[in-house]
Amino acid sequence: MSPPGPPPAPPPQPPHRTRTRTAPLPTPRPPTPAESPRARDIAIVGAAVRLPTAHTLADFADLLRRGRDTVRPLPDGRWSRPSHGPVPYASFLEAVDEFDPGPFRISPREAPLIDPQARIVYETIWQALEDGGRAGERVADSRTGLWIAYSHDHYHEERARHGVPDGRGLGLEAMIPNRLSYLMDWHGPSGLVNTLCSSSLVALHTALQHLRAGDIDTAVIGAVHAGLSPEYFRSMGDLMALSPRHRCRAFDSTADGFVPGEGAVAVVLRRHDDARRDGDPVRGLVKGAAVNHGGRTTRYSAPSPRGQRDVIAEALRDAGVTPDTIGLLEAHGTGTSLGDPIEIDGLTRAWREHTDRAQFCAIGSLKSNVGHLEPAAGLAGLVKALLAMEHEVIPPTLHVTRPNDRIRFEDTPFYLADRSRPWPREGHPRRAAISAFGMGGVNAHVIVEEPPRPTRDTPVPQDSHIVRVTAADETTLRDLAGTYADHLTGLTCNRLPEDHVTQGRLSQDHLTQSRLTEDRFTESHPTEDPLGDFARTVNTARTAHPYRTAVHGTTAAELAARLAEVASGAAPTTRHTRTATTTAFLFTGQGSQYARMGEGLRATEPHFREALDECADLLRPWTDVPLLDLLYGDARHLLDQTRYAQIGIVGVQVALVRFLRAVGVHADVVAGHSLGELTAAWAAGVLALPDLLRLTALRGELMQAQPATGTMAVVHTDADTLTAELRAYPGLEIAAHNAPRVHTVSGPAEVMARFREQTSSRVQPLTVSHAFHSAVMEPALAPFADAVAATPLAPPAIPFASALTGTWHSDVTATDPGHWAQAIRRTVRFGQAVTTLAETGPHTVWEIGPHPQLIPLARATLAEARPDLTPLWIPTLQRGREDQPQLHAALTSHHNHTGTDLHWTGLHHGKRQSVTTAPGYPFRRRRFWITPGAPDAQGPAPTTTTHGNHTHETKRPEHHG
């Protein structure tokens, strides 16, 4: 097809004419003082179509651009018996009998009883929700209303023909929206709209009122039409409504009726202010809409010129715009010699109240491409207008050779869009108007505007991303993972070799190169974060299903490779069940600290940063060095001192717990090692955060104030042997039983040196300033006990294993000041505490701290005490590794091991990532059709085809009753 030429020069402006008005017409409605200019605007945040040869918005845009005609004869095998009379022509869908019940939680036995039109529109609505990011966690608290435009249950005729009455009760038309509202757990209005050809715009108008009134925050409008039965075509023939030449020739002199069309359309609406606040993508704005009835005319089905004029004028008033700012009029345009002139007359009369300009607005009709979609026609025209504004091109209307003799376009504001034309802005946003007139007299008119230019804050730079994949079954999950991998491969500027992507292998050189490439992109495009936007979209704006997995990666290439592993079957998936899992937190003690610990998380994870900053504020009265200076500033060298090390470790631990809680990982049971037991007490609800930080600062000061004359060492032997051996070394004490053959000894430095020389056990000296958990700490106990006694303490809210006794904390021990004082001096029985903790059968054990010290000890303990337990051991941070990739790997492992979902909106909180276009759910459709004598509805194996001719579509219907 050759590129379109430039638009013709507009004809001379007609002189101003004075007209006699038959009735006063309203003027455009200005905003009230209390309203912002866009306060009444309704954003179209999502849209989807299923039309012949166009099952996506991109396909639809291509159909419009190329000016394709989709009308064809009845597909072979569409009906269970040959039709009598002429073969029907229509814009037929490739398949109307296929459906994927899985994501909707509809059983295969129920599926064939549901009207195929309902099944088609359900899937289309699903796709519109995904397009707008209005699914998953993002909409957990929204109030959503649903309206479905629908005209006739043709499937009832199929059921009756086969003598299968089953399903009629739940198959009533009113149940079509109600079933979906139930399945989606929506709590707003739910209704079916049937005003014939104007149904979908009437539904949109109703939703508009609810949104503007504040009754709901999200509106979903679906519309569908399919000529499923021979009776439909016979009835249309009896009305003499169908074109004998099987084409809709809107506004042409040879117009002789319409040709039916099949398809579904869906849009998702929100108040524009809400959509902008929540970061929803906006495809366009509904500026105004109106609905009326034409009243009495010459006959029941005849259009009303005055009714059409009035509804157009009212829509202009509601929109607050003048018609000379509208560049495209998507007409009802059914292509009849009577209806077309009446429509142009009504439009011209309404617009002439505001402008005398001639032929400045293109007019056309989608029916020339896809036939008359009846209840879905208006909404399809609206989506056509949105795509035209997006692509800045007015699509052509087909089959126009010579304009209708009864229409003098040169005297109207309109010119026929008989070919593709550029659509430039002319000092104002692009606007379009859409009409739909029902055969029974209900008229609707809608005015839309292109979306304002999006603005966004600079995203928080990320060192890592997590991507979740979820589906109703394992096969679909792997298909979706492959689709995600392909999408991410397209995001990276530096593509990996094919074998690395398909086989999921990534060399370090490839990872480094792709990371550098994406870093350069981020530096040159600071307000763009395509990878972060993708992750936020698929994590927070997609419905969770039973089968799920998650992958992590630092680049699009790394994520793509790991997703390819899932797609190939090399990586396992998890099936979510409602079985409870237990998560344990172990809190690291002193010695795990290092300069800049958690710095990467503070830069990339807002929840971590907010919690750490709160700790810094709460510590100000209790430390002479600000926490953040201590961790990341010029005072980092002070972390070797006990008084500073302890507040640094606890601050990082608190921030880690706050982050994990925010992303959905909560401790069911806790324990800690020495200092870590104090943080565990806070996590268990024994201490409030201000008290934890105050006591931590005091504890560190008291311990550091004691004589620095001792040292500590790790001894590898069994407890009995060590106890007996230490009798020969007065002053040495066992400071901690860490594992069956790992213990810590504390005492005077000179005695420790002699012990190291003489013992046959392996000894590792520790670099410490004091002999902690020894007699030298005695003076610190009383003042610390007094401080704890003055602190409000509560019984633990979750099981809490004591490392002082090795048993469960009781309400008495957890609130006993003496217990917390003795924890400074007495032996740490960590191994026993771990054994006690194991009574809960933990599925995952997290070590909360800057560097993993406890996991090897706890694993060794359980390997001997409880070899039947095989929990997943998860460190949070690790010295020498990047913080965010380390923690994201931990979260991914937890998610995949337990099958419990993360709180994905918490993961993306504060990162200023946007909802974007991402691959949607890959429906695995199979055939469901009513036939007599069928015992069940299992049907053939699923297919993954979404459009095109299906081989099984040419077969006679199979048994799925």
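These legends accompany a set of close-up views of a predicted model.

**View A. Strand E16 is enclosed on both faces.**
Welcome to the interior: eight of the eight residues of strand E16 (residues 442-449) are buried, so the strand is largely enclosed by the rest of the structure. On one side you will find Val442, Ala444, Val446 and Val448, and on the other Asn443, His445, Ile447 and Glu449, all of them buried. Note that a glutamate, Glu449, is among these buried residues.

**View B. Strands E9 and E15 each pair with E16 in the antiparallel sense.**
Which strand is joined to E16 by eight bridges? That is strand E9 (residues 284-293), running antiparallel to E16, with Leu285 standing opposite Glu449. Strand E15 (residues 431-437) pairs with E16 over seven bridges, and here Ser435 stands opposite His445. E15 and E16 form a hairpin with four residues between them. Have a look at Gly441 in the turn, where phi is positive at about 110 degrees.

**View C. Phe251 and Phe409 form an edge-to-face pair.**
The model has 17 aromatic pairs. In the one shown here, Phe251 and Phe409 lie 6.3 Å centre to centre, with 80 degrees between the planes. The pair links distant parts of the chain, 158 residues apart: Phe251 is in the loop between H6 and E8, and Phe409 is in the loop between strand E12 (393-394) and strand E13 (414-416). Both Phe251 and Phe409 are buried.

**View D. Phe585 and Phe587 also meet edge-to-face.**
The ring centres of Phe585 and Phe587 are 6.3 Å apart and the planes stand at 75 degrees, so this pair is edge-to-face. Phe585 has 1% relative accessibility and counts as buried; Phe587, at 0%, counts as buried too.

Arg50 lies in strand E1 (residues 42-50) and Glu123 in helix H2 (residues 116-131), so the pair ties together parts that are 73 residues apart in sequence. Buried or exposed? Arg50 is buried, with a relative accessible area of 4%, and Glu123 counts as buried at 0%.

**View G. Asp280 and Arg134 belong to a salt-bridge network.**
The side chains of Asp280 and Arg134 meet in a salt bridge of 3.5 Å, N to O. Asp280 is in the loop between helix H7 (272-278) and E9, and Arg134 in the loop between H2 and strand E5 (144-149), so the pair ties together parts 146 residues apart in sequence. Asp280 and Arg134 are both buried.

**View H. Leu196, Leu239 and Met439 form a nonpolar surface patch.**
Together these residues have about 250 Å² of accessible area. Leu239 lies in the loop between helix H6 (230-238) and strand E8 (263-271).

Terms used: Residues are numbered from 1 along each chain as its sequence is written. This is a predicted model: local features need pLDDT of at least 70, side-chain atom pairs count only at pLDDT 80 or more; totals for chains, interfaces and linings use all residues. Side-chain values use heavy atoms; hydrogens and water are left out. Patches are made of residues with over 30% relative accessible area and no salt bridge: like charges are joined within 9 Å, nonpolar side chains (Val, Leu, Ile, Met, Phe, Trp, Tyr) within 5 Å. Accessible areas come from the Shrake-Rupley method with a 1.4 Å probe; for residues, only the protein chains shown count as cover. A salt bridge is a side-chain nitrogen of Lys or Arg within 4 Å of a carboxyl oxygen of Asp or Glu. Helices (H or I, at least four residues) and strands (E, at least two) are DSSP runs, numbered from the N terminus. Rings of Phe, Tyr and Trp (its six-membered ring) pair if their centres lie within 6.5 Å; planes under 30 degrees apart count as stacked, over 60 as edge-to-face and the rest as tilted. Buried means under 20% relative accessible area, exposed over 50%, partly exposed in between (1.4 Å probe, protein chains only). Two strands pair if DSSP finds at least two bridges between them.
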